[in-house]
Amino acid sequence: MKSSNLKINKKGDLVYITFPRLESCGAVRHTFSTRLGGVSKGQYATMNTSFSGGDDFAAVEENYRRLCGAVGIDISHLVLSRQTHTNNVRIVTSADCGTGYTKQGFNDVDGLITAESGVALVTQYADCTPLLFCDPEKHVCATSHAGWRGTVSQIGAVTVDKMVNEFGCRREDIIAAIGPCICENCYEVDTPVYDAFKQSGIKLDGVFKAGRDQDHFMLNLVNANKNILLSAGIKAENIDTSDICTCCNANELHSHRATGGKRGNLAAIIELI
């Protein structure tokens, strides 16, 4: 696993990814996990971040302790939701810390926003697209989960709009990151998915190329989400863009497609300092 755009960090056996623009803004702690450096066994090995996927709870808790500890996040600050490929984005506060971990999680929420320090927002992945956001001027951060359905429904733009409308963020101040996901060479979709994108209003430059026949297409989720963020008013120079494929690097990153669903989850975590 190599990257020219993102930072791959190692701490003992733990390997995790950070985003240069988010790091340099100085307003957040953040991390994106890999499969490496945890204690989970079997198909979840070794760094799994899902409490609900059948893994041992204590193992997942230890995984979070290691991952969060590497970047200075207290695991009692975690806020997780039950993601269902919607474009629902929820504002959370310190009162929500522990949700999805030590208390019942939110249902049908694929994006989280906070304006409070010490609230660690968590979204989870195994090929879908991680989106992270920070406005260091208004002290707001967010993370959203964008599979193809979330991308078609433009959850990235929904998240940006909510930051602007609820907290007065200026679009030109928002820093965004597009994390590791399945690449266009690994992600073939059918005509209904292609048609959904054509009808969505998303700019399709660099989003599709030909698949194995006229009814299949190769989908570039990174470019699709970048186009959405640019259309939402995020500056190109404020976006970190992943060049890491989860499926190509299935030994180091959890991939649903590479494993036929026998896998754990990766986590994007972001917290205001």
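Author: Two strands pair if DSSP finds at least two bridges between them. Helices (H or I, at least four residues) and strands (E, at least two) are DSSP runs, numbered from the N terminus. This is a predicted model, in which local features need pLDDT of at least 70 and side-chain atom pairs count only at pLDDT 80 or more, while totals for chains, interfaces and linings use all residues. Residues are numbered from 1 along each chain as its sequence is written, and side-chain values use heavy atoms, with hydrogens and water left out.

Reader: How many bridges pair E8 and E11, and in which sense?

Author: Strands of a sheet pair through backbone hydrogen bonds, either parallel or antiparallel. In this pair Leu112 stands opposite Thr143 in E11. E8 and E11 are joined by four bridges, and the sense is antiparallel.

Reader: Which strands stand at the edges of the open sheet of six strands?

Author: The order of the open sheet is E6-E8-E11-E10-E12-E16, with mixed pairing. A strand with a single partner has one side left without a neighbour in the sheet, so the edges are strand E6 (89-91) and strand E16 (239-241).

Reader: Which residue of E8 is the bridge partner of Ile91?

Author: E6 and E8 run parallel and are joined by three bridges. In E8, the partner of Ile91 is Ile113.

Reader: Which residues of E8 are buried, and on which side?

Author: Buried means under 20% relative accessible area, exposed over 50%, and partly exposed in between (1.4 Å probe, protein chains only). In a regular strand the side chains alternate between the two faces of the sheet. Both faces of E8 are covered, with buried residues Gly111 and Ile113 on one side and Leu112 and Thr114 on the other.

Reader: What angle does the direction of helix H4 make with that of E11?

Author: Axes are lines fitted to C-alpha atoms, for helices over the stretch in contact, and angles run from 0 to 180 degrees between N-to-C directions; contact means heavy atoms within 4.5 Å. Strand E10 (residues 129-135) and strand E11 (residues 140-146) pair in the antiparallel sense over seven bridges, and Pro130 is opposite His145 in E11. Helix H4 (residues 155-167) packs on the sheet and touches E6, strand E8 (111-114), E10 and E11, and its angle with E11 is about 160 degrees.

Reader: Within what arc do the buried residues of H2 fall?

Author: Helix H2 (residues 57-71) has buried residues that include Ala59, Tyr64, Leu67 and Val71. Among the elements covering them are strand E3 (28-33) and strand E17 (266-272). The arc is that of the directions from the helix axis to the C-beta atoms. Seen down the axis of H2, the buried residues line one face of the helix, because they fall within an arc of 155 degrees.

Reader: How many disulfides does the count come to?

Author: A disulfide is a pair of cysteine sulfur atoms within 2.5 Å. For Cys169, the nearest cysteine sulfur is that of Cys134, 8.9 Å away. The sulfur of Cys248 is 3.5 Å from the closest cysteine sulfur, in Cys186, which is too far for a bond. The count of disulfides comes to zero.

Reader: Is Cys248 buried or exposed?

Author: Cys169, at 4% relative accessibility, counts as buried. Cys248 has a relative accessible area of 52%, so Cys248 is exposed.
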